[in-house]
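Please open the structure in your viewer and keep the selection tool at hand.

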Amino acid sequence: MKQLKKLPVGIENFREIRQDNFYYVDKTKLIEQLLTQWGKVNLFTRPRRFGKTLNMSMLNCFFSRQYAERGDLFEGLSIWEEEKYRELQGTYPVIFISFADVKQNNYEDAVQKIKNIIVDVYRQHRYLEQQECFSESEKQNILSVTEEMNDVTAQDALKNLSKYLKLLYGKKVLIFLDEYDTPMQEAYIHGYWDEFIGFMRGLFNAAFKTNPYLERAVLT
């Protein structure tokens, strides 16, 4: 008997939806559009519950080297019909982060939360510390990204991680940042907008504007 598909209520993880037999509305043409039509940094502005996080998860599963052996997740979907796109699956170094949980009511805690998120991203790439292609100073820079790092180190951290991944894999990185605006809304509501926007401007400028190791970026 054929197994009935389930409704993915509250599930935003593309891998989980595809491998656990949930219904999925095919939006993989987004991948083609990203590769052929859009600019270096792309912003999605859509209402809540519009599927932005699921789309970001889908992009991560398609491009990230972490899913290099998971082409099966895209079998039967539109992006899998052309070989030129199949060959790209799982070939890019990807930095995938979310600011959805940055909802603090003061500047210090909000910045600390963002630092914690950046540290978690570095932990996903802990193997970089052992790579012989990096100098001792570069390895020390990687190790300097901790919860206690200063603001300048945090602002440069995503750009520097892009550099290390580019040096290791020989390919510019993709950065996917989900809910970039959540901490900004909280800063405005709770009255610390002016100082917070200065910190975020430095972070975004380094990661998205002056980053020579960036291939493409998507923000929601």
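Predicted model: local features only at pLDDT ≥ 70, side-chain atom pairs only at ≥ 80, totals over all residues.

In which strand is Ile95 found? Select strand β2, residues 94-98, and Ile95 will be among the residues highlighted. Helices (H or I, at least four residues) and strands (E, at least two) are DSSP runs, numbered from the N terminus.

Residues are numbered from 1 along each chain as its sequence is written, and side-chain values use heavy atoms, with hydrogens and water left out.

**Stop 1: the surroundings of Ile95**

Ile95 has a relative accessible area of 0% and is therefore buried (buried means under 20% relative accessible area, exposed over 50%, and partly exposed in between, with a 1.4 Å probe and protein chains only). Next, display the residues in contact with Ile95, leaving aside its neighbours within four places in sequence: Val121, Leu158, Leu161, Ser162, Leu165, Leu174, Ile175 and Phe176. Contact means heavy atoms within 4.5 Å. Then select Tyr122, which is 27 residues from Ile95 along the chain; the two C-alpha atoms are separated by 9.4 Å.

**Stop 2: helices α2 and α3**

Select helix α2 (residues 29-36) together with helix α3 (residues 52-63); they pack at an angle of about 70 degrees, with their axes 10 Å apart. Axes are lines fitted to C-alpha atoms, for helices over the stretch in contact, and angles run from 0 to 180 degrees between N-to-C directions. The angle makes α2 roughly perpendicular to α3 (under 35 degrees counts as roughly parallel, over 145 as roughly antiparallel, 65 to 115 as roughly perpendicular and the rest as oblique).

To see the contact itself, show Leu30, Ile31, Leu34 and Leu35 of α2 with Asn55, Met58, Leu59, Phe62 and Phe63 of α3. Within α2, the buried residues are Leu30, Ile31, Glu32 and Leu34. These buried residues pack against β1 (41-43), α3, α4 (83-86) and β4 (214-219).

**Stop 3**

Move to the loop between α1 (14-19) and α2, where Val25 is found. Is Val25 buried or exposed? Val25 is exposed, with a relative accessible area of 62%.

Asn21 has a positive phi of about 65 degrees although it is not a glycine.

**Stop 4: Glu179**

Another positive phi, of about 55 degrees, belongs to Glu179, which is not a glycine. Select the loop between β3 (173-178) and α8 (182-190) to find Glu179, which counts as partly exposed at 22% relative accessibility.

**Stop 5: helix α6**

Select helix α6 (residues 136-143) and colour Glu138, Lys139 and Ile142, which are buried. They cover an arc of only 100 degrees around the axis, which puts them on the same side of α6; the arc is that of the directions from the helix axis to the C-beta atoms.

**Stop 6: cysteines**

Finally, select Cys61, buried at 1% relative accessibility, and Cys133, partly exposed at 46%. How many disulfides are there? The count comes to zero, a disulfide being a pair of cysteine sulfur atoms within 2.5 Å.
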